[in-house]
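Here's a quick briefing on charged side-chain pairs and a nonpolar patch.

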Amino acid sequence: GFYAPGRGVTAYHGKFGPTGSTQTVLFHECTHQFHDMVAGIRKSQIWFIEGLAVFFECSEIDEKGKIHIGVVNRDRLGLVQREVKAGRYVTIDSLLGMTQAGFSGRHYAYAWTVLYFLIYTNKNNQKLFNRYWVQVACGCGEKRGSPEFKKMIGVPVQELEDCWKEWVLILDKNDLPEEVQEKSKEFFKTYKKNKKKK
């Protein structure tokens with residue numbers, strides 16, 4: 001599927017892949033449509049634009065019609081976990097500097113995991129996400145490229161990546177947001193202790 005400004009959303013109808021469906025495509029593409037209502041999103045980095053769309057694509061609607069966001073994206077998580085374990089993953093540094101021309105299907109999964117990491121792990125990461133969101137929403141996204149975002153992180157990108165790599169492996173494809181938050185709390189307790197020992 002795709003979204004074309006002024007022409008609306010075009011979506012594939014039916015099932016594809018392990019969990020893809022008309023609904024997931026509509027959630028993804030309608031997120032891009034929403035981007036046109038927020039001044040700066042279209043000018044922000046491709047990893048942020050597509051990371052948000054993937055974040056919303058795996059939302060679920062319950063029997064009462066309520067939408068639940070933050071559900072783990074099973075297909076995307078599986079890809080990243082396999083590649084991290086194999087040591088042939090996309091680095092956060094390269095993801096942050098990626099252009100739209102170089103952004104492939106594989107990169108969607110990484111963009112999602114980085115945003116998911118920022119949103120659901122701890123207060124410091126949530127603050128970073130919120131600060132970046134405010135900058136993007138006010139139309140400053142184009143000025144908030146890779147170097148500026150790295151400054152906002154407050155630690156070397158490699159340090160963030162080392163933590164993210166270990167964290168992404170604790171997730172399970174059936175985790176709900178509450179479970180991810182609980183797992184993240186326990187993860188950071190252990191991670192901080194292990195860092196101090198080093």
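Arginine 74 is partly exposed, with 33% relative accessible area (partly exposed sits between buried, under 20%, and exposed, over 50%, using a 1.4 Å probe and protein chains only). Its salt-bridge partner is glutamate 60, with 3.9 Å between the closest N and O atoms (a salt bridge needs a side-chain nitrogen of Lys or Arg within 4 Å of a carboxyl oxygen of Asp or Glu). Keep in mind that this is a predicted model: local features need pLDDT of at least 70, side-chain atom pairs count only at pLDDT 80 or more, and totals for chains, interfaces and linings use all residues. Residues are numbered from 1 along each chain as its sequence is written, and side-chain values use heavy atoms, leaving out hydrogens and water.

**The arginine 74 pair**
- Glutamate 60 is partly exposed too, at a relative accessible area of 33%.
- Arginine 74 lies in helix H3 and glutamate 60 in strand S3 (residues 60–61), so this pair ties together parts 14 residues apart in sequence (helices, H or I with at least four residues, and strands, E with at least two, are DSSP runs numbered from the N terminus).

**The arginine 76 pair**
- Arginine 76 makes a salt bridge with glutamate 57, and their closest N and O atoms are 3.1 Å apart.
- That pair links distant parts of the chain, 19 residues apart: arginine 76 is in helix H3 (residues 74–86) and glutamate 57 in helix H2 (residues 46–57).
- Glutamate 57 counts as buried, at 10% relative accessibility.

**The lysine 150 pair**
- Lysine 150 and aspartate 93 meet through their side chains in a salt bridge, at 2.4 Å from N to O.
- Here, too, distant parts of the chain are linked: lysine 150 belongs to helix H7 (residues 146–153) and aspartate 93 to helix H4 (residues 92–96), 57 residues apart.
- Lysine 150 is partly exposed, with a relative accessible area of 29%, and aspartate 93 is partly exposed at 39%.

**Salt bridges overall**
- The structure holds eight salt bridges.
- Glu83, Arg88 and Arg106 are joined in a salt-bridge network.

**Nonpolar patch**
- Ile61, Ile67 and Ile69 make a nonpolar surface patch of about 250 Å² (patch residues have over 30% relative accessible area and no salt bridge; like charges are joined within 9 Å, and nonpolar side chains, meaning Val, Leu, Ile, Met, Phe, Trp and Tyr, within 5 Å).
- Isoleucine 67 sits in strand S4 (residues 67–68) and is partly exposed at 46% relative accessibility.

Note on methods
Areas by Shrake-Rupley, 256 points an atom, 1.4 Å probe, with all protein chains shown as cover.
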